[in-house]
Amino acid sequence: MFIVLEGIDGTGKSTQARRLADHFLARGRTVVLSREPTDGPWGTLLRDSASTGRLTPEEELETFLKDRRQHVTEKIAPALAAGHTVILDRYYFSTMAYQGARGFDPQEIRRQNEAFAPVPDLLLILDLDVDTALQRIGTRGDSANQFEQRGNLARCREIFLSLASEPFAKVISTATTPDEVTQQILAALGT
Ligand code: TYD
C-alpha cells in the first residue's frame, strides 16, 4: 500500500502522516514514513531556499526532480518491493501545485514525474482555505516565506483540488479537529 498526503502548508499533513503510520504499525504492518523535500542534499537545499531565496523556476523544478529521483531509487521503490506500507508527506503532486503555480504546466510536470515515480494507491488531499492555513502556520500572507505567500497558496490549492476527480484521490477537509481528520482518513482507507 502506497499512500501520499498532499495539501498546502498548514493543513496538518505531517501530524496525519504520523498518525496513519501508527495506525498501520499497531496492525502489525511494516511502515516506511517519509517526506519531500527529503533530508538528502537536494531536499536540504530546497528547504533552505524557502528562507534564503528561491532558486530560479527552472533550477527549482530540476532540483525537486533530482531529490525525488534519489528518493524513489533509494527508498520508495525498495520499500514497496519489500512489501512495506509507504506513507509520504508530499510527493510529485506538490511539484504540480507549487511549480505549477510558478508557471510550469502541471500536466507536463505530472508526465515527467510518472515516467520514473510510482503512482500511489491513495492520494489524500488535505484541504483548507488559505486564510485559515496561514493562521495555522502562524504567519500573515505578507510575512510568509516565499512558498507560503497567500496568492501562491491559493493557486496551489486550486491545482491540488483539480486532482480530486482522480480515481485514487480523496479530498479531506481539515477545517475540523485533528481527530476528526484522522477519522475521515481512516474511513477513506476503508478500515
Ligand atoms: P514542507 O513540507 O513545508 O517542509 P517543512 O515542513 O520542512 O517546511 O516543504 C517545503 C516547501 O516545499 C513547501 O512550501 C512546498 C514546497 N514544495 C514544492 O514547491 N515542490 C515540491 O515538489 C515539494 C515536494 C515541496
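Tyr98 and Phe160 are both buried, meaning under 20% relative accessible area with a 1.4 Å probe, counting protein chains only; exposed means over 50%, and partly exposed lies in between. This is a predicted model, where local features need pLDDT of at least 70, side-chain atom pairs count only at pLDDT 80 or more, and totals for chains, interfaces and linings use all residues. Residues are numbered from 1 along each chain as its sequence is written, and side-chain values use heavy atoms, leaving out hydrogens and water.

## Aromatic pairs

The structure holds six aromatic pairs. Rings of Phe, Tyr and Trp (its six-membered ring) pair if their centres lie within 6.5 Å; planes under 30 degrees apart are stacked, over 60 edge-to-face, and the rest tilted. Phe2 sits in strand 1 and Tyr91 in the loop between strand 3 and helix 4, 89 residues apart. Helices (H or I, at least four residues) and strands (E, at least two) are DSSP runs, numbered from the N terminus. Phe2 counts as buried at 2% relative accessibility. Tyr91 is buried too, at 0%.

Tyr98 and Phe160 also pair edge-to-face, with centres 6.4 Å apart and planes at 70 degrees. Tyr98 lies in helix 4 and Phe160 in helix 7, so this pair ties together parts 62 residues apart in sequence.

## The nonpolar core

A nonpolar core is a set of buried Ala, Val, Leu, Ile, Met, Phe, Trp, Tyr and Cys residues joined through side-chain atoms within 4.5 Å. Which residues touch the most other members of the largest core? They are Ile8, Tyr91, Phe93, Tyr98 and Leu123, out of 38 residues. Helix 3 (57-81) supplies at least two residues of this core.

## Around the ligand

The ligand is surrounded by 13 residues, and the closest are Arg47, Arg90, Thr95, Tyr98 and Gln99. Here, a residue counts if one of its heavy atoms lies within 4 Å. An oxygen atom of the ligand is 2.5 Å from an N or O atom in the side chain of Thr95. A nitrogen atom of the ligand is 2.8 Å from an N or O atom in the side chain of Gln99.

Most residues other than glycine have a negative phi, and most peptide bonds are trans. Arg90 has a positive phi, near 80 degrees. A cis peptide bond joins Glu36 and Pro37, with omega about -5 degrees.

Key: A polar contact is a pair of N or O atoms within 3.5 Å; within protein, one must be able to donate a hydrogen and the other to accept it, and residues adjacent in sequence count only if both atoms are side-chain atoms.
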